[in-house]
Amino acid sequence: MNLFVISMVLLVLSAATYQLAAKFVSHSLSPWHILTIVYIIGVVLSVIVGLIDSSKQTLWETFRASNWAVFVLGFAVVGIEAGYLLAFRSGWQLNVTGVFSNTAAAILLFPIGVLILKERMTTLNIVGLVVAIVGLYLIVRR
């Protein structure tokens, strides 16, 4: 299996596992302390995998070579994880939360990709965008 397939399988399985676990986190616990525990686990796992990575680049070398995007990514990850925890606490259902948030993000990113990153847009992409917008409406409609 190539990286194209492996990366998407990892992403899909991890996202599904993440949302399922987030749904069952006790509402009596502080979401910020939960995230602290999650990040401690993430740091330990990342360090271990980084040590066995074949790139031979140290953590310090990577830190020094990082641009603004790496640091913005850190803020975005906290927002995503806190957003899911708070969404589930406020009553969002497991079966629509991920679909809604990921579809809404894709709709938001569509014009950014086309206008700023100069990614190509096809008629089929536009049809997909319209279907996504209609889908969001149908998901939140009560």
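These are my notebook entries on a predicted model of one protein chain.

**Entry 1: confidence**

The mean pLDDT of the protein chain is 93, and 100% of the residues reach 70 or more. I then went through the elements. Helix α3, residues 59-65, has the lowest mean pLDDT, at 91. Helix α4, residues 68-89, has the highest, at 95.

**Entry 2: the core**

Which residues make up the largest nonpolar core? I found seven: Ala22, Ile34, Leu35, Ala82, Tyr84, Leu85 and Phe88. Two helices, α2 (31-52) and α4, each supply at least two residues of this core. The largest share comes from α4, with four residues.

Leaving out residues up to four places away in sequence, alanine 22 touches Leu85 and Phe88.

**Entry 3: threonine 97**

I went to helix α5, residues 94-115, where threonine 97 has its place. Is threonine 97 buried or exposed? Its relative accessible area is 5%, so threonine 97 is buried, the cut-off for that being under 20%.

Next I asked what threonine 97 touches. Not counting residues up to four places away in sequence, the contacts are Gln19, Tyr84, Ala87, Phe88 and Trp92.

**Entry 4: the start of the chain**

Methionine 1 sits in the segment before α1. I noted a relative accessible area of 81% for methionine 1, so this residue is exposed; the cut-off is over 50%.

A nonpolar patch lies on the surface here, formed by Met1, Leu3, Phe4, Val5, Ile6, Val9 and Leu13. Together these residues have about 810 Å² of accessible area. I picked out one of them, phenylalanine 4, which is found in helix α1, residues 3-23. Phenylalanine 4 is exposed, with 70% relative accessible area.

I also checked how far methionine 1 is from arginine 141. Along the chain they are 140 residues apart, and their C-alpha atoms are separated by 40 Å.

**Entry 5: leucine 20**

Back in helix α1, I looked at leucine 20. Why is leucine 20 called partly exposed? Its relative accessible area is 42%, and that falls between the cut-offs of 20% and 50%, so leucine 20 is neither buried nor exposed.

Isoleucine 37 is 17 residues away along the chain, and the two C-alpha atoms are separated by 17 Å.

**Entry 6: leucine 59**

I moved on to leucine 59, which is found in helix α3. With 70% relative accessibility, leucine 59 counts as exposed. Where does threonine 36 lie relative to leucine 59? The two are 23 residues apart in sequence and 21 Å apart in space, taken C-alpha to C-alpha. I reminded myself that helix α3 has the lowest mean pLDDT among the elements.

**Entry 7: lysine 118**

My last stop was the loop between α5 and α6 (123-140), where I found lysine 118. What is phi of lysine 118? I noted a value near 60°, which is positive in a residue other than glycine. Lysine 118 counts as exposed, at 65% relative accessibility.

Terms used: Residues numbered from 1 in each chain as written. Predicted model: local features only at pLDDT ≥ 70, side-chain atom pairs only at ≥ 80, totals over all residues. Heavy atoms only, no water. pLDDT = per-residue confidence, 0-100. Core = buried A, V, L, I, M, F, W, Y, C linked by side-chain atoms within 4.5 Å. Buried < 20%, exposed > 50% of the residue type's maximum accessible area, 1.4 Å probe, protein only. Contact = heavy atoms within 4.5 Å. Patch = residues over 30% accessible without salt bridge, like charges linked within 9 Å, V, L, I, M, F, W, Y side chains within 5 Å. Areas by Shrake-Rupley, 256 points an atom, 1.4 Å probe, with all protein chains shown as cover. Salt bridge = Lys/Arg side-chain N within 4 Å of Asp/Glu carboxyl O.
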